[in-house]
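Entries follow in the order I checked them.

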Amino acid sequence: MDSRTHDTRNGFPAGGPSGHRALATEAVHAGREDLVALGLHAPPLDLSTTYPSPDSRGEAARLDAFAADGAELVGPPVYGRLGNPTVARFETALARLEGTESAVAFASGMAALSAVLLARGALGLRHVVAVRPLYGCSDHLLTAGLLGSEVTWTDPAGIEEALRPDTGLVMVESPANPTLAEVDLRAVAHACGSIPLLVDNTFATPVLQRPVEQGARLVLHSATKYLGGHGDVMGGVVACDEELARRLRQVRFATGGVLHPLAGYLLLRGLATLPVRVRAASATAAELARRLAADPRIARVHYPRIGGAMVAFEVHGDPHAVIAGVRLITPAVSLGSVDTLIQHPASISHRIVDAEDRRGAGVSDRLLRLSVGLEDVEDLWADLERSLGAEQVGGDRRREEMAGR
Ligand SMILES: *Cc1c(COP(=O)(O)O)cnc(C)c1O
């Protein structure tokens, strides 16, 4: 038995494709291997938009090669939109954590998804099969066909039947935003046959789930969430094999949705603490889910089988009053930060989805989505408890505000 592939130290799966290092170790060291030789400790932040190219004949050959195959440029960088060394460190590290050959970073999660749709559409494969729920804007991008794609919505059991000769992509989220519904990735990957399966792994992170090990070909992250982890950087990334990565780099170069180098720097730094953050927040989330499930004011709690730091719950009373009532918890959209956030999907994250489609996907109007951070569980519970006292507390807060307190 290979002890490394069964390594459960810290409860994490073993490390990258080499199998040599555990995930927690890769999180700290991947993308930084050359630093000692460079005489550095912190990774360098390269903000250059352009670079000296004294040998233009040589540059012409390198650019021809990139246009032909999309492989990363060998040698010094040329221009910021073609690639950036700081961003490349983040890409290397994320690929290692997801167990893929490559990763391609973008300005946001939506820029990353857009690049995938454009890359597939450019091959004439504009049909997408997708399972609801997805993040609201992903649903909107597909439903509205903004990039020329056409979507067939189905449940996991219907995927095989929905495939067409022009299907270029199957897309699922698991656990899904915002209901935390899970799909059997292995079964879905099997149903896809040769069509690439894209799994949005934003909620699980590679700490809890590595979709490529279950047959996915593309793993998408809104890096804005857990990978950054501090609510101060927007980014997106697709982890995949090098063949798909080359197409994505070509699309990124041509359409410009690049990740800013400072964002790349912050995301690399975020990855170092990702396993610790996810593990700690997940323990708190599991406890809050347990307490919410026992609370008579709660109609239903959604907490994934694989765990994680997200909890969704449906209230008997007014969900808006709960949002208005929190004081420690921040009433805000987004997730994956060190502090706890709560939002009402039907009003914000999934507002752009047609109400009937939204409800059909299991997103009740009484559903609240909680992104659990690193605060003490008792302080969070006290705040939730108080806010579930609903209308009355919202009124108190408004009165306090009006009194200038
Ligand atoms: C936020 C989010 C996105 C979109 O990412 P941005 O970085 O906001 O563009 C995509 N998928 C999921 C699951 C998300 O939560």
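I started with helix α6 (residues 136–144), which lies across β2, β3 and β4 (167–173) and runs at about 120° to β3. Contact here means heavy atoms within 4.5 Å; axes are lines fitted to C-alpha atoms, for helices over the stretch in contact, with angles from 0 to 180 degrees between N-to-C directions. Helices (H or I, at least four residues) and strands (E, at least two) are DSSP runs, numbered from the N terminus.

This is a predicted model, in which local features need pLDDT of at least 70 and side-chain atom pairs pLDDT 80 or more, while totals for chains, interfaces and linings use all residues. Residues are numbered from 1 along each chain as its sequence is written, and side-chain values use heavy atoms, leaving out hydrogens and water.

Next I traced the sheet: 7 strands, open, mixed pairing, in the order β1-β7-β6-β5-β4-β2-β3. Two strands count as paired if DSSP finds at least two bridges between them. I noted β1 and β3 (150–154) as the edge strands, each pairing on one side only. β2 (residues 127–131) pairs with β3 in the parallel sense over 5 bridges, and Val-131 has Thr-154 of β3 as its bridge partner.

Last, I looked up Leu-94. Leaving aside residues up to four places away in sequence, Leu-94 touches Ala-103, His-221, Leu-227, Val-237, Ala-239 and Leu-271.
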